Amino acid sequence: MRREFKLPDVGEGLTEAEIVRWHVRPGDEVKVNQIVVEIETAKSIVELPIPWDGVVAGVLVEEGRTVDVGTPIVAVDTGGDAGGPDQGPAGQGVADRNRADQGSADQGLKALADDMVPKPPEEGAVEPGAHGSPAPKEERQAVLVGYGVKTGASKRRPRKQQAEPIPAAPVANPARVEVPGPAPTARPAEPVPAAAPAAGVVAGSGRVAVLAKPPVRKLAKDLGVDLATLTGTGPQGSITRDDVHAAAQGGLQGGLQGGLQGGPQGAPEPVRQAEPQRREERVPVKGVRKMTAQAMVASAFTAPHVTEFLQVDVTETMEAVRRLRALPDFAEVKVSPLLLVCRALLTGVRRYPMINSSWDEAAQEIVVKHYVNLGIAAATPRGLVVPNIKDAHALPLPELARQLGALAETARAGRTQPAEMAGGTITITNVGVFGVDAGTPILNPGESAILAFGQVRDMPWVVDGELAVRKVTTLALSFDHRIVDGELGSMFLRDVGAMLEDPLRMLAWG
(Lines give C-alpha, C1' and ligand atoms only; values in the text may rest on other atoms or scores of the structure.)
Protein backbone atom coordinates (compact mmCIF):
# COMPACT_ATOMS: atom_id res chain seq x y z
CA MET A 1 0.00 0.00 0.00
CA ARG A 2 1.37 3.41 -0.97
CA ARG A 3 0.32 6.05 1.55
CA GLU A 4 0.98 9.77 1.48
CA PHE A 5 1.84 11.69 4.64
CA LYS A 6 0.27 15.17 4.58
CA LEU A 7 1.66 18.23 6.32
CA PRO A 8 -0.26 18.54 9.62
CA ASP A 9 -1.19 21.66 11.57
CA VAL A 10 1.39 21.53 14.37
CA GLY A 11 0.26 24.77 15.99
CA GLU A 12 -2.88 26.73 16.60
CA GLY A 13 -4.39 27.53 13.23
CA LEU A 14 -1.12 27.53 11.25
CA THR A 15 -1.71 27.39 7.51
CA GLU A 16 1.74 26.72 6.05
CA ALA A 17 5.26 25.61 6.87
CA GLU A 18 8.68 25.42 5.23
CA ILE A 19 10.50 22.13 4.70
CA VAL A 20 13.85 22.67 6.42
CA ARG A 21 15.59 19.27 6.33
CA TRP A 22 14.73 15.69 5.41
CA HIS A 23 16.06 12.86 7.57
CA VAL A 24 15.11 10.13 5.07
CA ARG A 25 15.58 9.39 1.38
CA PRO A 26 13.65 7.24 -1.07
CA GLY A 27 14.29 3.58 -0.28
CA ASP A 28 14.91 4.11 3.45
CA GLU A 29 12.97 1.99 5.92
CA VAL A 30 10.97 3.90 8.53
CA LYS A 31 9.28 2.93 11.77
CA VAL A 32 6.23 4.35 13.50
CA ASN A 33 7.02 7.69 15.22
CA GLN A 34 10.42 7.96 13.54
CA ILE A 35 11.41 11.59 12.85
CA VAL A 36 11.50 12.01 9.07
CA VAL A 37 11.49 15.79 8.48
CA GLU A 38 12.06 19.14 10.15
CA ILE A 39 9.70 21.99 9.27
CA GLU A 40 9.66 25.67 10.20
CA THR A 41 6.30 27.11 11.05
CA ALA A 42 5.47 30.72 11.78
CA LYS A 43 6.50 30.05 15.37
CA SER A 44 9.36 27.56 15.50
CA ILE A 45 11.11 24.54 14.01
CA VAL A 46 9.20 21.28 14.55
CA GLU A 47 10.21 17.65 13.98
CA LEU A 48 7.53 15.48 12.39
CA PRO A 49 7.27 11.71 13.03
CA ILE A 50 5.87 9.25 10.49
CA PRO A 51 2.73 7.37 11.60
CA TRP A 52 3.47 4.11 9.70
CA ASP A 53 6.07 1.39 9.21
CA GLY A 54 7.31 0.95 5.68
CA VAL A 55 9.73 2.08 2.98
CA VAL A 56 9.98 5.65 1.73
CA ALA A 57 8.65 5.60 -1.83
CA GLY A 58 9.35 9.25 -2.57
CA VAL A 59 9.98 12.68 -1.09
CA LEU A 60 7.28 14.88 -2.61
CA VAL A 61 8.51 18.33 -1.49
CA GLU A 62 12.13 19.40 -1.63
CA GLU A 63 13.93 21.30 1.11
CA GLY A 64 13.41 25.05 1.20
CA ARG A 65 9.85 25.02 -0.17
CA THR A 66 6.88 26.43 1.74
CA VAL A 67 3.70 24.38 1.42
CA ASP A 68 0.19 24.61 2.81
CA VAL A 69 -1.15 22.42 5.60
CA GLY A 70 -2.69 19.27 4.07
CA THR A 71 -0.19 19.02 1.21
CA PRO A 72 1.34 15.52 0.77
CA ILE A 73 5.06 15.76 1.53
CA VAL A 74 6.28 12.14 1.56
CA ALA A 75 5.01 8.81 0.22
CA VAL A 76 5.54 5.55 2.11
CA ASP A 77 5.09 1.98 0.85
CA THR A 78 3.52 0.26 3.85
CA GLY A 79 3.21 -3.17 2.21
CA GLY A 80 -0.08 -5.02 2.87
CA ASP A 81 -2.20 -7.50 0.89
CA ALA A 82 -3.97 -5.12 -1.44
CA GLY A 83 -1.97 -6.17 -4.48
CA GLY A 84 1.41 -4.72 -3.64
CA PRO A 85 2.69 -1.21 -4.11
CA ASP A 86 1.37 -1.07 -7.67
CA GLN A 87 -2.20 -1.81 -6.63
CA GLY A 88 -4.61 1.01 -5.88
CA PRO A 89 -6.86 0.92 -2.82
CA ALA A 90 -9.96 0.61 -4.98
CA GLY A 91 -8.83 -2.80 -6.31
CA GLN A 92 -7.66 -1.78 -9.77
CA GLY A 93 -3.93 -2.28 -10.41
CA VAL A 94 -1.65 0.23 -12.03
CA ALA A 95 -1.21 -2.11 -15.00
CA ASP A 96 -4.98 -2.14 -15.66
CA ARG A 97 -5.11 1.63 -15.41
CA ASN A 98 -2.15 1.93 -17.76
CA ARG A 99 -3.92 -0.22 -20.38
CA ALA A 100 -7.06 1.91 -20.07
CA ASP A 101 -5.02 5.10 -20.29
CA GLN A 102 -3.16 3.76 -23.33
CA GLY A 103 -6.44 3.06 -25.13
CA SER A 104 -7.71 6.53 -24.36
CA ALA A 105 -4.41 8.04 -25.51
CA ASP A 106 -4.54 6.14 -28.84
CA GLN A 107 -8.06 7.40 -29.49
CA GLY A 108 -7.04 10.92 -28.55
CA LEU A 109 -4.00 10.86 -30.85
CA LYS A 110 -6.13 9.64 -33.79
CA ALA A 111 -8.68 12.39 -33.19
CA LEU A 112 -5.87 14.92 -32.80
CA ALA A 113 -4.37 13.87 -36.15
CA ASP A 114 -7.74 14.39 -37.82
CA ASP A 115 -8.13 17.72 -36.08
CA MET A 116 -4.75 18.99 -37.29
CA VAL A 117 -6.07 18.99 -40.92
CA PRO A 118 -9.24 21.08 -40.80
CA LYS A 119 -11.32 22.11 -43.74
CA PRO A 120 -10.31 25.44 -45.28
CA PRO A 121 -12.41 28.31 -43.95
CA GLU A 122 -15.00 29.94 -46.13
CA GLU A 123 -14.13 33.17 -47.88
CA GLY A 124 -14.40 36.19 -45.61
CA ALA A 125 -14.32 34.16 -42.42
CA VAL A 126 -12.60 35.73 -39.44
CA GLU A 127 -11.53 34.52 -36.01
CA PRO A 128 -14.20 34.26 -33.31
CA GLY A 129 -14.75 37.65 -31.76
CA ALA A 130 -12.83 39.59 -34.45
CA HIS A 131 -14.83 42.64 -35.57
CA GLY A 132 -17.87 41.11 -33.86
CA SER A 133 -18.28 38.41 -36.53
CA PRO A 134 -18.49 34.70 -35.67
CA ALA A 135 -16.27 32.16 -37.39
CA PRO A 136 -17.88 29.74 -39.84
CA LYS A 137 -19.17 26.48 -38.47
CA GLU A 138 -16.99 23.47 -39.10
CA GLU A 139 -17.85 19.79 -39.22
CA ARG A 140 -15.36 18.87 -36.49
CA GLN A 141 -14.87 19.06 -32.75
CA ALA A 142 -11.51 19.76 -31.15
CA VAL A 143 -10.22 16.94 -28.95
CA LEU A 144 -7.73 18.92 -26.86
CA VAL A 145 -8.12 22.56 -25.92
CA GLY A 146 -5.45 24.70 -27.53
CA TYR A 147 -4.59 22.30 -30.36
CA GLY A 148 -5.58 22.53 -34.03
CA VAL A 149 -4.96 24.97 -36.85
CA LYS A 150 -6.16 28.51 -36.29
CA THR A 151 -8.90 29.62 -38.69
CA GLY A 152 -7.71 33.23 -38.96
CA ALA A 153 -6.76 34.42 -42.41
CA SER A 154 -3.99 36.74 -41.28
CA LYS A 155 -0.36 35.78 -41.75
CA ARG A 156 2.62 36.83 -39.71
CA ARG A 157 5.03 39.19 -41.45
CA PRO A 158 8.39 37.43 -41.90
CA ARG A 159 11.23 38.71 -39.73
CA LYS A 160 13.68 40.94 -41.52
CA GLN A 161 17.15 39.54 -42.03
CA GLN A 162 19.95 41.00 -39.94
CA ALA A 163 21.94 41.97 -43.04
CA GLU A 164 19.22 44.29 -44.34
CA PRO A 165 19.93 48.04 -44.06
CA ILE A 166 18.12 49.68 -41.18
CA PRO A 167 15.31 51.94 -42.49
CA ALA A 168 14.92 55.51 -41.37
CA ALA A 169 11.56 54.79 -39.75
CA PRO A 170 11.52 53.12 -36.32
CA VAL A 171 11.60 49.35 -36.35
CA ALA A 172 8.22 47.84 -35.49
CA ASN A 173 9.70 44.93 -33.57
CA PRO A 174 10.19 46.12 -29.96
CA ALA A 175 12.76 43.37 -29.31
CA ARG A 176 15.11 44.88 -31.91
CA VAL A 177 17.01 47.82 -30.45
CA GLU A 178 19.55 49.91 -32.33
CA VAL A 179 22.75 50.85 -30.58
CA PRO A 180 24.30 53.94 -32.21
CA GLY A 181 27.86 53.54 -33.35
CA PRO A 182 30.20 55.93 -35.16
CA ALA A 183 28.50 58.33 -37.57
CA PRO A 184 28.10 56.63 -40.96
CA THR A 185 29.67 58.19 -44.04
CA ALA A 186 27.69 58.58 -47.24
CA ARG A 187 28.82 55.95 -49.73
CA PRO A 188 27.18 53.60 -52.15
CA ALA A 189 26.06 50.23 -50.94
CA GLU A 190 28.80 47.64 -51.10
CA PRO A 191 28.29 43.97 -51.74
CA VAL A 192 28.53 41.67 -48.77
CA PRO A 193 32.10 40.38 -48.59
CA ALA A 194 32.90 36.72 -48.52
CA ALA A 195 33.57 36.94 -44.79
CA ALA A 196 30.17 37.89 -43.36
CA PRO A 197 30.15 40.53 -40.62
CA ALA A 198 29.70 39.53 -37.00
CA ALA A 199 26.16 38.82 -35.79
CA GLY A 200 24.38 42.06 -35.00
CA VAL A 201 26.55 44.30 -37.22
CA VAL A 202 24.59 45.96 -39.99
CA ALA A 203 26.51 45.74 -43.26
CA GLY A 204 27.61 49.04 -44.72
CA SER A 205 27.00 51.03 -41.52
CA GLY A 206 28.63 51.67 -38.20
CA ARG A 207 25.52 50.85 -36.21
CA VAL A 208 24.76 47.68 -34.31
CA ALA A 209 21.38 45.94 -34.16
CA VAL A 210 21.00 44.03 -30.88
CA LEU A 211 18.31 41.37 -30.64
CA ALA A 212 17.20 41.19 -27.01
CA LYS A 213 13.90 41.18 -25.21
CA PRO A 214 13.05 44.03 -22.82
CA PRO A 215 13.60 41.93 -19.63
CA VAL A 216 17.04 40.93 -20.93
CA ARG A 217 17.92 44.54 -21.67
CA LYS A 218 16.86 45.58 -18.17
CA LEU A 219 18.91 42.75 -16.64
CA ALA A 220 21.95 43.85 -18.67
CA LYS A 221 21.50 47.44 -17.52
CA ASP A 222 21.23 46.38 -13.87
CA LEU A 223 24.35 44.22 -14.13
CA GLY A 224 26.33 46.80 -16.09
CA VAL A 225 26.72 44.63 -19.20
CA ASP A 226 26.96 46.23 -22.66
CA LEU A 227 24.72 44.25 -24.99
CA ALA A 228 26.70 45.43 -27.98
CA THR A 229 29.66 43.39 -26.76
CA LEU A 230 27.77 40.08 -26.60
CA THR A 231 27.14 37.37 -29.13
CA GLY A 232 23.68 35.95 -28.64
CA THR A 233 23.04 32.24 -28.37
CA GLY A 234 19.26 32.46 -28.70
CA PRO A 235 17.07 32.11 -31.78
CA GLN A 236 18.42 34.11 -34.74
CA GLY A 237 21.32 35.31 -32.63
CA SER A 238 19.19 36.98 -29.96
CA ILE A 239 20.76 37.60 -26.57
CA THR A 240 19.38 35.57 -23.66
CA ARG A 241 19.50 35.92 -19.89
CA ASP A 242 22.20 33.24 -19.75
CA ASP A 243 24.39 35.30 -22.08
CA VAL A 244 24.05 38.33 -19.81
CA HIS A 245 24.73 36.35 -16.63
CA ALA A 246 27.78 34.72 -18.22
CA ALA A 247 29.16 38.13 -19.14
CA ALA A 248 28.43 39.54 -15.68
CA GLN A 249 30.32 36.67 -14.06
CA GLY A 250 33.50 37.69 -15.79
CA GLY A 251 33.46 35.25 -18.71
CA LEU A 252 34.83 36.12 -22.10
CA GLN A 253 32.28 38.02 -24.14
CA GLY A 254 31.65 37.66 -27.82
CA GLY A 255 33.91 39.29 -30.39
CA LEU A 256 31.52 41.97 -31.53
CA GLN A 257 33.47 44.71 -29.77
CA GLY A 258 36.70 43.53 -31.35
CA GLY A 259 35.03 43.33 -34.77
CA LEU A 260 33.96 46.95 -34.52
CA GLN A 261 37.31 48.20 -33.34
CA GLY A 262 39.31 45.93 -35.60
CA GLY A 263 42.67 44.48 -34.70
CA PRO A 264 45.69 44.36 -36.96
CA GLN A 265 44.20 41.45 -38.87
CA GLY A 266 40.51 42.21 -38.24
CA ALA A 267 40.31 39.45 -35.60
CA PRO A 268 37.82 40.02 -32.77
CA GLU A 269 39.39 40.87 -29.45
CA PRO A 270 37.90 39.19 -26.37
CA VAL A 271 36.68 41.65 -23.78
CA ARG A 272 36.58 40.59 -20.12
CA GLN A 273 33.72 42.16 -18.18
CA ALA A 274 34.57 42.96 -14.58
CA GLU A 275 32.24 41.29 -12.10
CA PRO A 276 29.87 43.93 -10.72
CA GLN A 277 29.59 44.50 -7.01
CA ARG A 278 26.52 42.99 -5.42
CA ARG A 279 24.60 45.99 -4.14
CA GLU A 280 21.33 44.45 -3.03
CA GLU A 281 20.07 41.18 -1.61
CA ARG A 282 16.50 40.02 -1.08
CA VAL A 283 15.67 37.81 1.90
CA PRO A 284 12.25 36.11 1.90
CA VAL A 285 10.10 37.03 4.90
CA LYS A 286 8.74 33.75 6.19
CA GLY A 287 8.56 31.44 9.18
CA VAL A 288 9.51 32.87 12.57
CA ARG A 289 10.59 36.23 11.15
CA LYS A 290 7.26 36.71 9.38
CA MET A 291 5.26 35.92 12.52
CA THR A 292 7.49 38.18 14.64
CA ALA A 293 7.01 41.07 12.23
CA GLN A 294 3.24 40.69 12.28
CA ALA A 295 3.16 40.45 16.08
CA MET A 296 5.38 43.51 16.59
CA VAL A 297 3.35 45.63 14.18
CA ALA A 298 0.11 44.58 15.85
CA SER A 299 1.53 45.35 19.30
CA ALA A 300 3.06 48.69 18.38
CA PHE A 301 -0.13 49.98 16.75
CA THR A 302 -2.58 48.51 19.28
CA ALA A 303 -1.16 49.09 22.76
CA PRO A 304 -0.05 52.63 23.69
CA HIS A 305 3.54 52.12 24.83
CA VAL A 306 5.28 54.04 27.61
CA THR A 307 8.94 53.39 28.50
CA GLU A 308 10.70 54.42 31.71
CA PHE A 309 14.40 54.09 32.55
CA LEU A 310 16.29 53.57 35.81
CA GLN A 311 20.03 53.32 36.46
CA VAL A 312 20.83 50.89 39.27
CA ASP A 313 23.93 50.09 41.32
CA VAL A 314 24.04 46.28 41.08
CA THR A 315 27.35 45.74 42.86
CA GLU A 316 25.66 43.68 45.60
CA THR A 317 23.75 41.64 43.00
CA MET A 318 27.01 40.73 41.23
CA GLU A 319 28.49 39.68 44.56
CA ALA A 320 25.39 37.56 45.28
CA VAL A 321 25.79 35.86 41.89
CA ARG A 322 29.41 34.98 42.75
CA ARG A 323 28.36 33.47 46.07
CA LEU A 324 25.48 31.50 44.54
CA ARG A 325 27.85 29.88 42.04
CA ALA A 326 29.83 28.44 44.97
CA LEU A 327 26.79 26.76 46.56
CA PRO A 328 26.27 23.01 45.96
CA ASP A 329 22.62 23.57 44.96
CA PHE A 330 23.79 25.51 41.91
CA ALA A 331 26.70 23.29 40.93
CA GLU A 332 24.88 21.81 37.91
CA VAL A 333 23.35 25.04 36.60
CA LYS A 334 24.51 28.35 35.19
CA VAL A 335 24.06 31.29 37.51
CA SER A 336 24.02 34.73 35.87
CA PRO A 337 22.77 38.18 36.86
CA LEU A 338 19.67 37.47 34.74
CA LEU A 339 18.61 34.89 37.33
CA LEU A 340 18.32 37.52 40.06
CA VAL A 341 16.65 39.97 37.67
CA CYS A 342 14.00 37.30 37.06
CA ARG A 343 13.55 36.77 40.80
CA ALA A 344 13.25 40.52 41.39
CA LEU A 345 10.62 40.83 38.65
CA LEU A 346 8.61 37.90 40.02
CA THR A 347 8.67 39.50 43.47
CA GLY A 348 7.58 42.81 41.96
CA VAL A 349 4.65 41.10 40.22
CA ARG A 350 3.50 39.71 43.55
CA ARG A 351 3.53 43.24 44.97
CA TYR A 352 1.79 44.81 41.94
CA PRO A 353 -0.45 42.17 40.28
CA MET A 354 -1.90 44.64 37.73
CA ILE A 355 1.47 44.71 35.93
CA ASN A 356 0.89 41.04 35.03
CA SER A 357 -2.36 41.40 33.10
CA SER A 358 -3.82 41.72 29.60
CA TRP A 359 -6.42 43.78 27.78
CA ASP A 360 -9.52 41.97 26.49
CA GLU A 361 -10.78 44.20 23.70
CA ALA A 362 -13.85 42.10 22.90
CA ALA A 363 -15.12 41.99 26.48
CA GLN A 364 -13.73 45.43 27.41
CA GLU A 365 -12.09 43.94 30.49
CA ILE A 366 -8.64 43.79 32.07
CA VAL A 367 -7.61 40.21 32.82
CA VAL A 368 -5.37 40.12 35.91
CA LYS A 369 -3.35 36.90 36.04
CA HIS A 370 -2.35 35.49 39.40
CA TYR A 371 0.30 33.28 37.87
CA VAL A 372 3.44 34.19 35.94
CA ASN A 373 4.53 32.56 32.69
CA LEU A 374 7.84 34.39 32.45
CA GLY A 375 8.92 35.08 28.86
CA ILE A 376 12.60 35.41 27.96
CA ALA A 377 13.27 37.03 24.57
CA ALA A 378 15.90 35.05 22.65
CA ALA A 379 17.62 35.96 19.39
CA THR A 380 18.05 33.00 17.03
CA PRO A 381 19.37 32.73 13.45
CA ARG A 382 15.77 32.45 12.25
CA GLY A 383 14.46 35.45 14.17
CA LEU A 384 13.30 36.52 17.61
CA VAL A 385 11.43 34.00 19.76
CA VAL A 386 9.97 34.47 23.25
CA PRO A 387 9.59 31.12 25.04
CA ASN A 388 8.29 31.30 28.58
CA ILE A 389 8.78 29.44 31.83
CA LYS A 390 5.39 28.15 32.98
CA ASP A 391 4.39 29.06 36.55
CA ALA A 392 7.75 30.68 37.19
CA HIS A 393 6.36 32.34 40.33
CA ALA A 394 6.15 28.95 42.08
CA LEU A 395 9.71 27.77 41.29
CA PRO A 396 12.55 27.81 43.85
CA LEU A 397 15.69 29.63 42.74
CA PRO A 398 17.73 26.52 41.73
CA GLU A 399 14.85 25.21 39.58
CA LEU A 400 14.37 28.65 38.01
CA ALA A 401 18.07 28.64 37.09
CA ARG A 402 17.73 25.19 35.47
CA GLN A 403 14.66 26.29 33.51
CA LEU A 404 16.50 29.38 32.26
CA GLY A 405 19.44 27.29 31.09
CA ALA A 406 17.23 24.76 29.28
CA LEU A 407 15.20 27.53 27.66
CA ALA A 408 18.30 29.28 26.32
CA GLU A 409 19.84 26.05 25.01
CA THR A 410 16.65 25.02 23.22
CA ALA A 411 16.25 28.46 21.66
CA ARG A 412 19.84 28.55 20.37
CA ALA A 413 19.35 25.14 18.77
CA GLY A 414 16.15 26.34 17.08
CA ARG A 415 14.05 23.66 18.81
CA THR A 416 11.60 25.86 20.67
CA GLN A 417 8.12 24.41 20.24
CA PRO A 418 4.94 26.49 19.75
CA ALA A 419 3.54 25.38 23.11
CA GLU A 420 6.63 26.79 24.85
CA MET A 421 5.91 30.25 23.42
CA ALA A 422 2.18 30.32 24.11
CA GLY A 423 0.55 31.83 27.17
CA GLY A 424 3.25 34.28 28.30
CA THR A 425 2.22 36.94 30.83
CA ILE A 426 5.29 39.21 31.22
CA THR A 427 8.69 39.28 29.50
CA ILE A 428 12.36 40.11 30.12
CA THR A 429 14.75 40.96 27.28
CA ASN A 430 18.45 40.90 28.08
CA VAL A 431 20.03 43.47 25.76
CA GLY A 432 23.12 43.69 27.95
CA VAL A 433 24.62 40.56 26.39
CA PHE A 434 25.04 42.59 23.18
CA GLY A 435 26.88 45.41 24.97
CA VAL A 436 23.82 47.69 24.98
CA ASP A 437 22.87 49.89 27.92
CA ALA A 438 19.14 50.32 27.30
CA GLY A 439 16.36 50.40 24.72
CA THR A 440 12.62 50.81 24.31
CA PRO A 441 11.31 47.24 24.02
CA ILE A 442 7.99 46.48 22.32
CA LEU A 443 5.41 44.53 24.27
CA ASN A 444 4.87 40.90 23.49
CA PRO A 445 1.25 40.71 22.19
CA GLY A 446 -1.22 39.91 24.99
CA GLU A 447 1.05 41.25 27.76
CA SER A 448 1.13 44.57 29.57
CA ALA A 449 4.83 44.94 30.47
CA ILE A 450 8.34 44.04 29.31
CA LEU A 451 11.61 44.73 31.16
CA ALA A 452 14.91 45.36 29.33
CA PHE A 453 18.08 44.51 31.29
CA GLY A 454 21.12 46.46 30.08
CA GLN A 455 24.84 45.89 30.21
CA VAL A 456 26.55 45.84 33.63
CA ARG A 457 29.54 48.15 33.50
CA ASP A 458 31.94 49.92 35.86
CA MET A 459 30.85 53.52 36.43
CA PRO A 460 31.56 56.30 38.92
CA TRP A 461 28.86 56.33 41.60
CA VAL A 462 28.25 58.28 44.77
CA VAL A 463 28.26 55.98 47.83
CA ASP A 464 27.80 57.50 51.30
CA GLY A 465 28.72 60.93 49.96
CA GLU A 466 31.91 59.75 48.31
CA LEU A 467 32.72 58.90 44.70
CA ALA A 468 33.38 55.22 44.01
CA VAL A 469 33.55 52.82 41.08
CA ARG A 470 30.49 50.57 41.11
CA LYS A 471 28.77 47.98 38.92
CA VAL A 472 25.91 49.83 37.24
CA THR A 473 23.19 48.79 34.84
CA THR A 474 20.15 50.43 33.22
CA LEU A 475 16.63 49.00 33.43
CA ALA A 476 13.98 49.99 30.88
CA LEU A 477 10.33 49.12 31.46
CA SER A 478 7.77 49.40 28.64
CA PHE A 479 4.12 49.03 29.61
CA ASP A 480 0.63 49.27 28.13
CA HIS A 481 -0.72 52.64 29.23
CA ARG A 482 -4.31 51.41 28.94
CA ILE A 483 -3.67 49.13 31.92
CA VAL A 484 -0.60 50.48 33.70
CA ASP A 485 -0.53 54.18 34.50
CA GLY A 486 2.61 56.17 35.25
CA GLU A 487 2.38 55.70 39.01
CA LEU A 488 2.06 51.92 38.89
CA GLY A 489 4.80 51.56 36.28
CA SER A 490 7.16 53.83 38.22
CA MET A 491 6.62 52.03 41.54
CA PHE A 492 7.13 48.61 39.95
CA LEU A 493 10.36 49.71 38.26
CA ARG A 494 11.58 51.41 41.45
CA ASP A 495 11.06 48.27 43.52
CA VAL A 496 12.75 45.98 40.99
CA GLY A 497 15.74 48.34 41.00
CA ALA A 498 15.78 48.42 44.80
CA MET A 499 15.88 44.60 44.97
CA LEU A 500 18.84 44.54 42.59
CA GLU A 501 20.66 47.17 44.66
CA ASP A 502 20.10 45.08 47.80
CA PRO A 503 19.18 41.42 47.05
CA LEU A 504 18.09 40.93 50.71
CA ARG A 505 14.92 42.84 49.82
CA MET A 506 13.87 39.86 47.69
CA LEU A 507 13.68 37.84 50.90
CA ALA A 508 11.94 40.56 52.83
CA TRP A 509 9.33 41.27 50.12
CA GLY A 510 8.96 37.73 48.79
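**Helices and a sheet**

User: Which residues of helix 6 are buried?
Analyst: In helix 6 (residues 315-325), the buried residues are T315, T317, A320, V321 and L324. Buried means under 20% relative accessible area, with a 1.4 Å probe and protein chains only. Helices are DSSP runs of H or I with at least four residues, strands are E runs of at least two, and both are numbered from the N terminus.

User: What covers them?
Analyst: The cover includes strand 11 (305-313), helix 7, helix 8 (397-412), strand 21 (466-480) and helix 10; contact means heavy atoms within 4.5 Å.

User: What sort of model is this?
Analyst: This is a predicted model, where local features need pLDDT of at least 70, side-chain atom pairs count only at pLDDT 80 or more, and totals for chains, interfaces and linings use all residues. Residues are numbered from 1 along each chain as its sequence is written, and side-chain values use heavy atoms, leaving out hydrogens and water.

User: Now the sheet: what is the strand order?
Analyst: The order is 5-4-2-7 in an open sheet of 4 strands with antiparallel pairing. Two strands pair if DSSP finds at least two bridges between them.

User: How many bridges join strand 2 and strand 4?
Analyst: Strand 2 (residues 16-22) and strand 4 (residues 35-40) pair in the antiparallel sense over 4 bridges. E18 stands opposite E40 in strand 4.

How values were computed: Buried means under 20% relative accessible area, exposed over 50%, partly exposed in between (1.4 Å probe, protein chains only).
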